[in-house]
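Please look over the structure below.

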Amino acid sequence: MPMPTPVFDHKELLTLDTHALPIFENALAPYFPGVDVQPLYLDPNLGVWTLRVIFQPGVRLPCHYHTGPVHLFTLSGRWNYVEYPDQPQTAGCYLYEPGGSIHTFSVPADNSVPTETMMVVQGANINFDADGNFVNVMDASDIMQLIERLVRERGLEPARYIRPGHAGYSAG
């Protein structure tokens, strides 16, 4: 069997050095201060978003429902879901969340260091307030718009992250 022909003409690897890219500090402020975001891969067509996220001690996100699965790696620090206080996630932990999961992310206020994570999310987070009322939806498109807004408001260089091509017709 012959080697397959590549579908795309790759001239270089699609790779990012997270140490060389900016981190958008307080990216979710004023609603959720203490959350720093570095976008790595955003695909609004497939609904996939890959982020490096750094949570400062004491951060608590709203209760949220996942429409798709999540892969979450804890690189430093400690966090837990409020609903699972006896299962803290610490440096080196990998967590798989199936679609349909609902929980509340919390970083202990007594953490001595920020909690650094890397996440691959498929689908959306549907966020709720403390009374169970709908707040908003967060997906790859929302993250893209959030980053673009922060770049404009803060006078920053455009964000560099991997993004697949746009949809279109194969032939006229």
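Arg149 and Glu153 sit 4 residues apart in helix α1 (residues 140-154), so about one helical turn separates them. Their side chains form a salt bridge, with N to O at 3.1 Å. Arg149 is partly exposed at 29% relative accessibility. Glu153 is exposed at 55%.

This is a predicted model. The protein chain has 1 helix and 12 strands. Of its 172 residues, 38% count as buried. The C-alpha atoms fill a box of roughly 55 × 40 × 35 Å along the principal axes.

The structure holds 3 salt bridges. They are listed here.

| Pair | N to O distance |
|---|---|
| Arg52 and Glu116 | 2.6 Å |
| Arg78 and Asp110 | 2.8 Å |
| Arg149 and Glu153 | 3.1 Å |

Take the Arg52 and Glu116 salt bridge. Arg52 lies in strand β2 (residues 48-55) and Glu116 in strand β10 (residues 115-122), so the pair ties together parts 64 residues apart in sequence. Arg52 is buried, with a relative accessible area of 10%. Glu116 is buried too, at 19%.

Next comes the salt bridge between Arg78 and Asp110. Arg78 is in strand β5 (residues 78-81) and Asp110 in the loop between β9 and β10, so this pair joins parts 32 residues apart in sequence. Arg78 is partly exposed at 31% relative accessible area. Asp110 is exposed at 58%.

Charge overall: the chain carries 9 positive and 18 negative charges, and their mean positions are 5 Å apart.

How values were computed:
Residues are numbered from 1 along each chain as its sequence is written. This is a predicted model: local features need pLDDT of at least 70, side-chain atom pairs count only at pLDDT 80 or more; totals for chains, interfaces and linings use all residues. Side-chain values use heavy atoms; hydrogens and water are left out. Helices (H or I, at least four residues) and strands (E, at least two) are DSSP runs, numbered from the N terminus. Buried means under 20% relative accessible area, exposed over 50%, partly exposed in between (1.4 Å probe, protein chains only). Lys and Arg count as positive and Asp and Glu as negative; His and the chain ends are not counted. The place of a charge is taken as NZ of Lys, CZ of Arg, CG of Asp or CD of Glu. A salt bridge is a side-chain nitrogen of Lys or Arg within 4 Å of a carboxyl oxygen of Asp or Glu.
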